[in-house]
Amino acid sequence: AAAKASAAAMLAAEAAADMSKSINYYRRRITRYLTSTLIKTKNEIPVDLPEGFEFKKILISRPNHRLGNLLLITPILEEIAINYPNCKVDIFAKGGLANILFSEYKNVNTIYELPRKPFKAIIKYLWIWIKLKSKSYDLVINVVQGSSSGKIAVKIANAKYKLYNTTIETLKNSISDYSHMAKNTVYNLRNLVDKSSIKTNTVPCLDLKLSLDELEKGKVLLDKYIQNKKGKTILLFTYATGAKCYSKDWWNNFYNSLINEFNDYNIIEILPVENVSQINFKAPSFYSKDVREIAAFIANADIFIGADSGIMHLASASLTTTLGLFSRTNPMIYQPYCNNSMAIDTRIKNHNDIVEIIKSKLGLVYDLA
């Protein structure tokens, strides 16, 4: 009887998974159809704005719930704050993270968050779209070119100017990091506004804007794991979703290399929400479901190493040196930058190479990376 019940449960789970895939498939098809039908023209900002024109209300469209994808819009938020200090920004997102991630951005006004599972909260889902339509903006920006729902939001929103964020070939051919998801929107906006209004040449970093109180609490947490007070601290995040996740063999071999080279350092593993470890919990491990607490913990360490993931972007947004490990996704689109961070292509670099890069980032050898 127990075996039959187990088999029935497995079949039910498989059926539910298949149904979920079907719903997502048709949802994407419908969204793409609506995008191609609704968006016929692009009403983008003219190169020459009226003299003295200044944005006062901007809507950022990024209807996505993933940690990394939301953190990648922090540079455009900072860009607006620097160049248009009197401008208020609304954000059109999804899920429940946006309010947490952008809580310290003083220029963020209202955050519209679509439910993560719209079919289970259809009334709320529709109500958010209605609320979006009820406000007016100077500018609406679709952050990611490939986002169909992001484009639909831009089309629906009431705004004088709309930036769908299509690729600008002249910029693509002249700017080496133009394809980076966090930088692309910044470059496109700069291309379309009065150049005299731009107060910096560099693209802002990913930044969670951790408060002093959060940083102090993060230090207290980290100190509990520090065994060698004089040694530096290396943080590992061994998990990632799908094919981006490195095998246990890869991580265990890498961990052994770290132990051999940095035996007087503090090596700590940050665990994912799934509470799993690719190194079988060999290192002291830190676990939290609070993303700002995790970021504050990371901010007090010397270096973070992990595969391309939301936590990798969180580490970058904590302003700690971040080494992102890439084997599947394109580092030109997702690589960490600022604070001496970099992407490492593990199809080219082996464990010894990575160890040498870590040494250079920690100031132990001349930085050849």
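## A buried lysine and its partner

The side chain of K183 makes a polar contact with the side chain of D177, at a distance of 2.7 Å. This pairing belongs to a predicted model, and K183 is placed there in the loop between α7 (169-174) and α8. With a relative accessibility of 11%, K183 counts as buried, because the cut-off for that class is under 20% relative accessible area. Once residues up to four places away in sequence are set aside, K183 touches D177, V203 and Y337.

## The chain as a whole

The protein chain holds 14 helices and 11 strands, and buried residues account for 50% of its 369 residues. Where contacts join residues at least 6 apart in sequence, 59% of them link residues that are at least 24 apart. The accessible surface of the chain comes to about 18,200 Å², and carbon and sulfur atoms contribute 53% of that area.

In soluble globular proteins, nonpolar side chains tend to be buried together. In this model the largest nonpolar core has 67 residues, and the members that touch the most other members are I60, I91, L101, F102, L235, F304 and L314. Helix α11, which spans residues 291-299, gives the most to this core, with six residues. Apart from it lies another core, made of 26 residues, among them L236, A240, I267 and L323.

What does L101 touch beyond the residues up to four places away in sequence? Its contacts in that category are L67, L70, L71, L208, V291 and R292.

## The disulfide and other cysteines

The count of disulfides comes to one, and the bond is formed by C205 and C338, whose sulfur atoms lie 2.1 Å apart. The link between C205 and C338 is left-handed, with an angle of -85° about the S-S bond. Because C205 sits in the loop between α8 (184-192) and α9 (212-223), while C338 sits in the loop between α13 (331-334) and β11 (342-345), the pair ties together parts that are 133 residues apart in sequence.

Turning to other cysteines of the chain, C87 counts as buried at 1% relative accessibility, whereas C245, at 23%, counts as partly exposed.

## A lysine in the β1 strand

K57 is found in strand β1, which covers residues 57-61, and with a relative accessible area of 40% this lysine is partly exposed. Leaving aside neighbours within four places in sequence, K57 is in contact with C87, K88, S136, Y137, D138 and L139, so the buried cysteine C87 is one of the residues that K57 meets, given that contact here means heavy atoms within 4.5 Å.

The side chain of K57 also reaches the backbone oxygen of S136, at a distance of 3.1 Å. From C-alpha to C-alpha, K57 and N109 are 9.4 Å apart in space, although 52 residues apart in sequence.

Terms used: Residues are numbered from 1 along each chain as its sequence is written. This is a predicted model: local features need pLDDT of at least 70, side-chain atom pairs count only at pLDDT 80 or more; totals for chains, interfaces and linings use all residues. Side-chain values use heavy atoms; hydrogens and water are left out. Helices (H or I, at least four residues) and strands (E, at least two) are DSSP runs, numbered from the N terminus. Buried means under 20% relative accessible area, exposed over 50%, partly exposed in between (1.4 Å probe, protein chains only). Accessible areas come from the Shrake-Rupley method with a 1.4 Å probe; for residues, only the protein chains shown count as cover. A nonpolar core is a set of buried Ala, Val, Leu, Ile, Met, Phe, Trp, Tyr and Cys residues joined through side-chain atoms within 4.5 Å. A disulfide is a pair of cysteine sulfur atoms within 2.5 Å. A polar contact is a pair of N or O atoms within 3.5 Å; within protein, one must be able to donate a hydrogen and the other to accept it, and residues adjacent in sequence count only if both atoms are side-chain atoms.
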